[in-house]
Amino acid sequence: MATFDELIALALRLPQAHRETTWEQETFRVGRKIFAMGHPESGQVSVKATVPEQAELIAAAPEVYSVAPYTGRFGWVRVQLARVEPEELRELLTEAWRSIAPKRVREGYEG
């Protein structure tokens, strides 16, 4: 089971990732592009994904994943932190980060 504090630590370990409060939520970004967002007290986080990835995650574990509000039509997935293992969350965040990070930043990262 992951916590919001673990989410913060995992997200900020990614190269050039930073945290910014927007819309009364914590957003995790590279430059101005967001790859994850959530409110610490909600127990949930929305993570950038593709529409096929979103469908696959929801089909595999509907108790953990759902379509994110507002951004779900673009593939974003809502993750129930209490139901996801930290390693799985790390993988989701890394893939979301890769989808928005500049190529020069991604090339040197193996994590």
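**Contacts, core and pockets**

Q: Which residues is Leu93 in contact with, leaving aside neighbours within four places in sequence?
A: In this predicted model, Leu93 is in contact with Leu7, Leu10, Ala11, Leu14, Phe35, Ala36 and Val47. Each pair counts because contact means heavy atoms within 4.5 Å.

Q: Why is Thr94 called buried?
A: Its relative accessible area is 3%. The cut-off for buried is under 20%, so Thr94 makes the label.

Q: Where does Thr94 sit, and what is it in contact with?
A: Thr94 has its place in helix H3, residues 86-100. Skip the neighbours within four places in sequence, and Thr94 is in contact with Leu14 and Tyr109.

Q: What makes a set of residues the nonpolar core here, and which members touch the most others?
A: Members must be buried, come from a list of residue types such as Leu, Val and Phe, and be joined through side-chain atoms within 4.5 Å. The largest such core has 31 residues, and Phe35, Val47, Tyr65, Val79, Leu89 and Leu93 touch the most other members. At least two residues each come from helix H1 (4-12), strands E2 (25-30), E3 (33-38), E4 (44-47) and E6 (77-80), and H3. H3 supplies the largest share of this core, six residues.

Q: Which residues of H1 are buried, and what do they pack against?
A: Phe4, Leu7, Ile8, Leu10 and Ala11 are the buried ones in H1. The buried residues of H1 pack against strand E1 (17-22), along with E2, E3, E4 and H3.

Q: What is the volume of the largest pocket, and which residues are closest to its centre?
A: Its volume is about 230 Å³. Of the 13 lining residues, Gln25, Met37, Ser46, Pro69 and Arg78 are closest to the centre. E3 and E4 are the elements that give two or more residues to this lining, and E4 gives the most, with three.

Q: How does the lining of the largest pocket divide by class?
A: Five nonpolar, seven polar and one charged.

Q: How do the residues lining the second largest pocket divide into classes?
A: Four are nonpolar, none polar and six charged. That pocket holds about 170 Å³ of space. Its lining includes Lys48, Glu53 and Glu56, and these count as charged because Lys and Glu are in that class. H3 gives the most to this lining, with five residues.

Terms used: Residues are numbered from 1 along each chain as its sequence is written. This is a predicted model: local features need pLDDT of at least 70, side-chain atom pairs count only at pLDDT 80 or more; totals for chains, interfaces and linings use all residues. Side-chain values use heavy atoms; hydrogens and water are left out. Helices (H or I, at least four residues) and strands (E, at least two) are DSSP runs, numbered from the N terminus. Buried means under 20% relative accessible area, exposed over 50%, partly exposed in between (1.4 Å probe, protein chains only). On a 1 Å grid over the protein atoms alone, a cavity is a set of points where a 1.4 Å probe fits but cannot get out, and a pocket is an open set with protein on both sides within 12 Å along at least five of seven lines; lining residues have an atom within 4 Å of a point. Grid points are joined across faces, edges and corners, and a volume is the space filled by probe spheres set on the points.
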